Amino acid sequence: MQKTNYNFNLTTMEIHMISVYQNWNMDAELPLVIHRIVNLSFYPHFHNEIEFVYVEKGEMVVGVNEERRLLRAGDMVICCSNDIHYYESKDAESEVFMLICKPELIGTAKSWPVDFRFASPFIDSTPSELSRVRHLMLQILQEKESAITGYPMYIKSYLLELFGTLCRHLPTVPFERSSNQRFESKRAKFQQIITFIEANYSLDLSVEMMSERFEMNPSHFCRSFKKVIGMNFKTYLNTIRVLMAEHMLVNTHASITDIALECGFGSIRTFNRVYKELKGCSPSDTRSNIH
């Protein structure tokens, strides 16, 4: 069974994750993707699709909205529509099952859930009622890969059982107008912040400019950004810039200096330093390893 390694590397992904709402290239009749992934790490993002991860082995840190937790083998996480989430693998041999699907596959709504929230997105391995989850993930993966007659119906049935099991056995919180408005307001603000950074990473962005634009005190902006995103503002900005630079290094013939400037770095020296810190190699190494 093929294993995929995502590690902040655009060149290994057919899905352009730099977009806030990712284009998963999902089949119109069965809008679902499922992968077995080794060493999963990915920067904070959000999308309308539901994302479910089962940790097969190893350890990884997962952040969802303002919660952050170390997950081990058997642990799970459910990212509902528009939750801000990220992954940091803590083990080179860590392995997960990742399932992403459109909400329409388990109901008629365009987002999920509609009238409740899970008390926590994190699910530990102990509840016996959830022992079938791993089997369901394997069944979905095997049906998707085999694509034999009738597989869409089997996948939909396993999917309904999976999310039905979560709804039945996990603690939930009903949506109350006041608390939900506060939750949605804060999440929406950071969705706007993420969207703005991804659209304007090439500009000279600063904490002062961002906090003024989004009407936040600078110190409050920094604290809230770190809590929701899992890294400080400068690291996140540099992560986006390096990802875009890597994409250009691999897919264009632009000079390294032009790429550095286009991606918002003030000098080639700064670009080389930051790129190596985040990627473990220099920009020239990336370009020379294309072929």
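This is a predicted model: local features need pLDDT of at least 70, side-chain atom pairs count only at pLDDT 80 or more; totals for chains, interfaces and linings use all residues.
Residues are numbered from 1 along each chain as its sequence is written, and side-chain values use heavy atoms, with hydrogens and water left out. Local features need pLDDT of at least 70 and side-chain atom pairs count only at pLDDT 80 or more, while totals for chains, interfaces and linings use all residues.

The largest pocket has a volume of about 500 Å³. A pocket here is an open set of points on a 1 Å grid over the protein atoms alone, where a 1.4 Å probe fits, with protein on both sides within 12 Å along at least five of seven lines. Grid points are joined across faces, edges and corners, and the volume is the space filled by probe spheres set on the points. The lining comprises 28 residues; lining residues have an atom within 4 Å of a point. Asn65, Asp83, Arg117, Phe183 and Arg187 lie nearest the centre of the pocket. Two elements, strand 9 (116-118) and helix 3 (177-200), each give two or more residues to this lining. Helices (H or I, at least four residues) and strands (E, at least two) are DSSP runs, numbered from the N terminus. Helix 3 supplies the largest share, six residues. By type, the lining holds 15 nonpolar, five polar and eight charged residues. Ala, Val, Leu, Ile, Met, Phe, Trp, Tyr, Cys and Pro count as nonpolar, Asp, Glu, Lys and Arg as charged, and the others, Gly among them, as polar.

Helix 3 also contains Gln191. This residue counts as buried, at 13% relative accessibility. Buried means under 20% relative accessible area, exposed over 50%, and partly exposed in between (1.4 Å probe, protein chains only). Leaving aside neighbours within four places in sequence, Gln191 is in contact (heavy atoms within 4.5 Å) with Phe46, Asn82 and Ile84.

Strand 8 (residues 95-101) is mostly covered, with seven of its seven residues buried. Glu95, Phe97, Leu99 and Cys101 lie on one side, and Val96, Met98 and Ile100 on the other. Strand 8 runs antiparallel to strand 2 (residues 32-45), joined by seven bridges. Two strands pair if DSSP finds at least two bridges between them. Strand 3 (residues 50-57) also pairs with strand 8 in the antiparallel sense, over seven bridges. Ile100 is the bridge partner of Val33, and Glu51 stands opposite Ile100 as well.

Strand 6 pairs with strand 10 (residues 122-123) in the antiparallel sense over two bridges. Val77 has Phe122 as its partner there.

Rings of Phe, Tyr and Trp (its six-membered ring) pair if their centres lie within 6.5 Å; planes under 30 degrees apart count as stacked, over 60 as edge-to-face and the rest as tilted. The count comes to 16 aromatic pairs. Phe196 and Phe214 form an edge-to-face pair, because their ring centres are 5.9 Å apart and their planes lie at 80°. Phe196 is in helix 3 and Phe214 in the loop between helix 4 (207-213) and helix 5 (218-229), so the pair ties together parts 18 residues apart in sequence. Phe196 is buried at 13% relative accessibility, and Phe214 is buried at 10%. The pair of Phe265 and Phe271 is tilted, with centres 5.1 Å apart and planes at 50°. Phe265 is buried at 4%, as is Phe271 at 0%. Ring pairs also link Phe42, Tyr43, Phe190, Phe221, Phe225, Phe233 and Tyr236 into a cluster.
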